[in-house]
Amino acid sequence: MSIGSGVEQAFERALAPEDVISDPVRCRSYECDGLTGYRVVPQLVLLPRSAEQVAAAVRVCAEHGVPFVARGAGTGLSGGALPVADGVVISLARLKRVLEVDPVDRRAVVEPGVTNLEITAAAAPHGLYYAPDPSSQQVCTIGGNVAENSGGAHCLKYGFTTNHVLSCEVVLPDGSLVTLGSDTGEQAGPDLRGAFLGSEGTLGITTKITVRLLRTPESVRTLLADFPSIAAAGDVVSDIVAAGIVPAAVEMMDTLAIEAAEEAVHAGYTVGVPAALVVELDGPAEECDAQFEQVKEICDRHGCTRLHIAGSPEERAAIWRGRKAAFAAVGRISPDYFVQDGVVPRTRLAEVLDRIAGMGADAGLRVANVFHAGDGNLHPLVLYSAAAGETERAEELSGRIAELCVELGGSLSGEHGIGTDKACSMPKMFGEDDLAVMARLRKAFDPDGLCNPGKVLPTPRLCGERPGRYRPHPLEEAGVIERL
């Protein structure tokens, strides 16, 4: 179905003519998110400037049966912001104001286009910060964090987005504007705020978010430790937690990830080492110092080959620069790669990484690993070359890794979401009754199925046809035709 001129004019009245993009070339800029293997060009892209304009645009969609997909910075890695061919993309990039910072009640009110890091920058003069810190925090937006319930390196101690969002102003699929939650995070009746957070844009569009701010820690101690094996590093993680220590962060990287990150940002990592841990503690100075000595002793006990302690804020920033650059840096050692996201019990880290290595060898592909070791949230990066015809093998391996996490007692996603990429794997984790309940909840919010359709929940069409992942026509590969 094509969007007619009458409907396009209705969108122009709801916004402004210059805020409705219909040029196919310009629309193509919105054809995918960070999972670039899935591409669909929308018919229109809408650029509202306020919550009222978002609501007006959604009302036009509801009136004319037009499917819509909300989009933030497009940094998602599960195809959650993949457009619908006969629908519109509603971009929230222009809703980027920090509306309020309340240092007394320790909260901030922001629009969805504000980046994660900008919240902390606004709170910093008051000695406060926003705890969730995805690796892409310089560019990812809080609206996208809400959609995916994003985590980050410090989620081991401080939790995910859902633990720090008190309320959301939401445009429902019928165009009505409601508030879920409250300034205290409490709300009478069902936890609609909790249902909305992490729903991946399938229940509505958030236009204003109230977040909880935390006091900046008195002390922060950070170390980088090398180990002779993944198993040894994994044992360190288990022993730290068993000792009653809850670090702010425990991150692990393997040989390939370290090589890529060090080549990219020269953070001082040891190239060639089998595994490296970044461990960070924060809190009251005396407690932090005492626990830091315990962590050093645990590292030594498990054969640490090099222990580098950050002696200044600059050294700490360098260590984190290496870790947070890892995803993008892998592009230096592979022309293409899939970023997977899954969770396993902490005690099975060595086992799952050994299994992944074997699966990669069987597929003839390399897999780099960089992940939140403290809570078992893996991010295997499947390296491949599309030019060498390895795409389908890599895609299959990536899916098998996600399902392996479920097999070992974990889950399909820790923070990147299900989106388009893993919808067909949902029955591996949930039974028919579970999926039916999810579908009923979704239908209660969106009875017409217009809000980010085709995401999260499997359908026979989706899993049979596998739409979205673009495979070029032979004539295009030969340079005879060009895709618009």
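A helix here is a DSSP run of H or I with at least four residues, and helices are numbered from the N terminus. Keep in mind as well that this is a predicted model.

Now the second largest pocket. Its space comes to about 550 Å³. Its lining is made up of 26 residues. Which of them lie nearest the centre? They are Gly198, Ser199, Glu200, Ile418 and Val456. By type, the lining splits into 12 nonpolar residues, 10 polar and four charged.

Next, the aromatic rings. A ring pair is described by the distance between centres and the angle between planes. How many aromatic pairs does the structure hold? Two.

Take Tyr129 and Tyr158. Their ring centres are 6.5 Å apart and their planes stand at 85 degrees, so this pair is edge-to-face. The cut-off for that label is over 60 degrees. The pair links distant parts of the chain, with Tyr129 in strand E7, residues 128-129, and Tyr158 in helix H6, residues 155-158. That is 29 residues apart. Are these tyrosines buried or exposed? Buried means under 20% relative accessible area. Tyr129 has 15%, so Tyr129 is buried. Tyr158 has 19%, so Tyr158 counts as buried too.

Then Phe338 and Tyr384. Here the centres lie 4.8 Å apart and the planes are at 20 degrees, so the pair is stacked. Phe338 sits in strand E16, residues 336-339, and Tyr384 in strand E20, residues 380-384. Again, distant parts of the chain are linked, 46 residues apart. Phe338 is buried, at 5% relative accessibility. Tyr384 is buried as well, at 10%.

One more ring. Phe292 has Arg221 over its face, 4.3 Å from the ring centre.

On to the strands. Strands of a sheet pair through backbone hydrogen bonds, either parallel or antiparallel.

Start with an open sheet of four strands. Its order is E1-E2-E4-E3, and the pairing is mixed. Which strands are at the edges? Strand E1, 20-21, and strand E3, 68-71, each pairing on one side only. Inside the order, E2, residues 44-46, runs parallel to E4, residues 88-91, and three bridges join them.

Now strand E14, residues 275-283. Nine of its nine residues are buried, so E14 is largely enclosed by the rest of the structure. In a regular strand, side chains alternate between the two faces of the sheet. In E14, Ala275, Leu277, Val279, Leu281 and Gly283 point one way. Ala276, Val278, Glu280 and Asp282 point the other way. All are buried, Glu280 and Asp282 included.

What pairs with E14? Strand E12, residues 219-227, runs antiparallel to E14, joined by nine bridges. There, Leu223 is bridged to Val279. Strand E13, residues 249-254, also pairs with E14 in the antiparallel sense, over six bridges. Glu251 stands opposite Val278 in that strand.

Strand E8 next, residues 165-171. Seven of its seven residues are buried, so E8 too is largely enclosed by the rest of the structure. E8 pairs with strand E10, residues 205-212, in the antiparallel sense over six bridges. Cys168 has Ile209 of E10 as its bridge partner. E8 also pairs with strand E9, residues 177-181, antiparallel, over five bridges. Glu169 faces Thr179 in E9 across that pairing. E8 and E9 form a hairpin with five residues between the strands. In this hairpin, Gly175 takes a positive phi near 95 degrees.

Last, one contact along the chain. Ala62 belongs to helix H3, residues 51-64. Its relative accessible area is 28%, so Ala62 is partly exposed. The C-alpha atoms of Ala62 and Gly449 are separated by 9.9 Å. Along the chain, these residues are 387 residues apart.

Notes: Residues numbered from 1 in each chain as written. Predicted model: local features only at pLDDT ≥ 70, side-chain atom pairs only at ≥ 80, totals over all residues. Heavy atoms only, no water. 1 Å grid on protein atoms, 1.4 Å probe; cavity = no way out; pocket = protein on both sides within 12 Å on 5 of 7 lines; lining within 4 Å. Points joined across faces, edges and corners; volume = space filled by probe spheres on them. Nonpolar A, V, L, I, M, F, W, Y, C, P; charged D, E, K, R; others polar. Phe/Tyr/Trp six-rings, centres within 6.5 Å; stacked < 30°, edge-to-face > 60°. Helix = DSSP H or I, 4+ residues; strand = E, 2+ residues; numbered from the N terminus. Buried < 20%, exposed > 50% of the residue type's maximum accessible area, 1.4 Å probe, protein only. Lys NZ or Arg CZ within 6 Å of the ring centre and 35° of its normal. Pairing = 2+ DSSP bridges.
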